[in-house]
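Student: I would like to go through a model and learn how its features are read. Please show it first.

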Amino acid sequence: MTRKICVSIFLLLIFHYICGLREWKVIYYSEEKSWREAQSSCREKHLDLVTIRNEEQHNLALYNGWIGLYQDKDGSPWRWSFGDEMPTFSKWWSPEHNVNQTCGYMKSSTKKWEDDFCWFKRYYICYEEKLVLVKENKTWDEALEHCRSLSRALSYNLATLITTDDHDFAREKAQSADTEEVWTGLRYLGDEWFWVGGEPVQYQKIPSCPGERCGVLEKNSNSSFSIRDCNERRNFFCYTKKP
């Protein structure tokens, strides 16, 4: 499948993103902050300091500045700021890291990650993504509340999946989920099915009077949807409609 790459430039901000539900965008700030200050700024205006999961995302984030990697203390595992996600992709300059330097930054001249004192002032790189997999086990209602608390600026909700590509991409992301099924924003209430994001439900053969009333995507099935008891606990998808 061909992916369209879009680029926009605004004063202190530079955006790169893949369009559609696959959208993944970096925002570069050329103002100096400590890692914690940068994290707070990104969470207020976007999603978080950038999380990089593959080579394509790495190449779109090649600026000098803080990224989302941090350690709680020396010797502890490195994690990404968003969701305390463990890295599955690496671009460290060296496998050895300096004592007491527990935050990561991108160095554009080497195209590698390095570590530094978290209090040091640097430029920083935020990010946004349209579809977010949250690897926490929650009921459907708890998942909805969590999504809506993610970012005031982006107004996340439990995810709506409409197109074939939406379902394909969501299933790709679901492969890293900790549960076999992932909550979506599909819900039955008041004698009708609806997406919590407000979009019309287009599924065929959906039960008209179901015993189980919340939608999931199965990561190892080709089915567009399944329905489950809303009180079960599993990982979930959040998404934003904001461009």
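Student: Which strands do the buried residues of α3 pack against?
Tutor: Packing is read from contacts, meaning heavy atoms within 4.5 Å. Helices (H or I, at least four residues) and strands (E, at least two) are DSSP runs, numbered from the N terminus. Here the buried residues of α3 pack against β10 (131-138), β11 (157-158), β12 (181-189), β14 (214-218) and β16 (234-239). This is a predicted model, in which local features need pLDDT of at least 70 and side-chain atom pairs count only at pLDDT 80 or more, while totals for chains, interfaces and linings use all residues. Residues are numbered from 1 along each chain as its sequence is written, and side-chain values use heavy atoms, with hydrogens and water left out.

Student: Which residues of helix α3 are buried?
Tutor: Buried means under 20% relative accessible area, exposed over 50%, and partly exposed in between (1.4 Å probe, protein chains only). In α3, which covers residues 140-149, the buried ones are Trp140, Ala143, Leu144, His146 and Cys147. They lie on the same side of α3, because they cover an arc of only 165° around the axis. The arc is that of the directions from the helix axis to the C-beta atoms. As a general idea, an α-helix has 3.6 residues a turn, so residues three or four places apart point the same way.

Student: Which residues are exposed on the other side of α3?
Tutor: Glu145 and Ser149 are exposed there.

Student: How many helices and strands are in the protein chain?
Tutor: The chain has 4 helices and 16 strands. Of its 243 residues, 53% count as buried. Its accessible surface comes to about 12100 Å², with 48% belonging to carbon and sulfur atoms; the areas come from the Shrake-Rupley method with a 1.4 Å probe, and for residues only the protein chains shown count as cover. Among contacts between residues at least 6 apart in sequence, 66% join residues at least 24 apart.

Student: Which residues touch the most other members of the largest nonpolar core?
Tutor: A nonpolar core is a set of buried Ala, Val, Leu, Ile, Met, Phe, Trp, Tyr and Cys residues joined through side-chain atoms within 4.5 Å. The largest one here has 37 residues, and Ile52, Ile67, Trp113 and Leu158 touch the most other members. At least two residues of this core come from each of β3 (24-33), β5 (65-70), β9 (122-129), β10, α3, β14 and β16. The largest share, 4 residues, is supplied by α3. Domain 1 (24-128) and domain 2 (130-241) each give this core at least three residues; the domain bounds come from an automatic or database domain assignment. There is also a second, separate core of 20 residues, which includes Leu133, Ala170, Ala174 and Trp195.

Student: What does Trp113 touch?
Tutor: Not counting residues up to four places away in sequence, the contacts of Trp113 include Ile52, Ile67, Trp80, Phe89 and Tyr105.

Student: How many salt bridges does a search of the whole structure find?
Tutor: A salt bridge is a side-chain nitrogen of Lys or Arg within 4 Å of a carboxyl oxygen of Asp or Glu. The search finds 20. One joins Glu172 and Arg22, whose closest N and O atoms are 3.5 Å apart. That pair links distant parts of the chain, 150 residues apart: Glu172 is in helix α4 (residues 164-174) and Arg22 in the loop between β2 (13-18) and β3. Glu172 counts as partly exposed at 43% relative accessibility, whereas Arg22 is buried at 7%.

Student: Where do the partners of the Lys241 and Glu199 salt bridge lie?
Tutor: The closest N and O atoms of Lys241 and Glu199 are 3.9 Å apart. Lys241 lies in the segment after β16 and Glu199 in the loop between β13 (192-195) and β14, so the pair ties together parts that are 42 residues apart in sequence. Lys241 is exposed at 53% relative accessibility, and Glu199 is buried at 18%. Elsewhere, Arg53, Glu85, Glu129 and Lys173 are linked in a network of salt bridges.

Student: Is Thr184 buried or exposed?
Tutor: Thr184, in strand β12, is buried, with a relative accessible area of 3%. Its contacts, leaving out residues up to four places away in sequence, include Trp140, Leu158, Trp195 and Val216.
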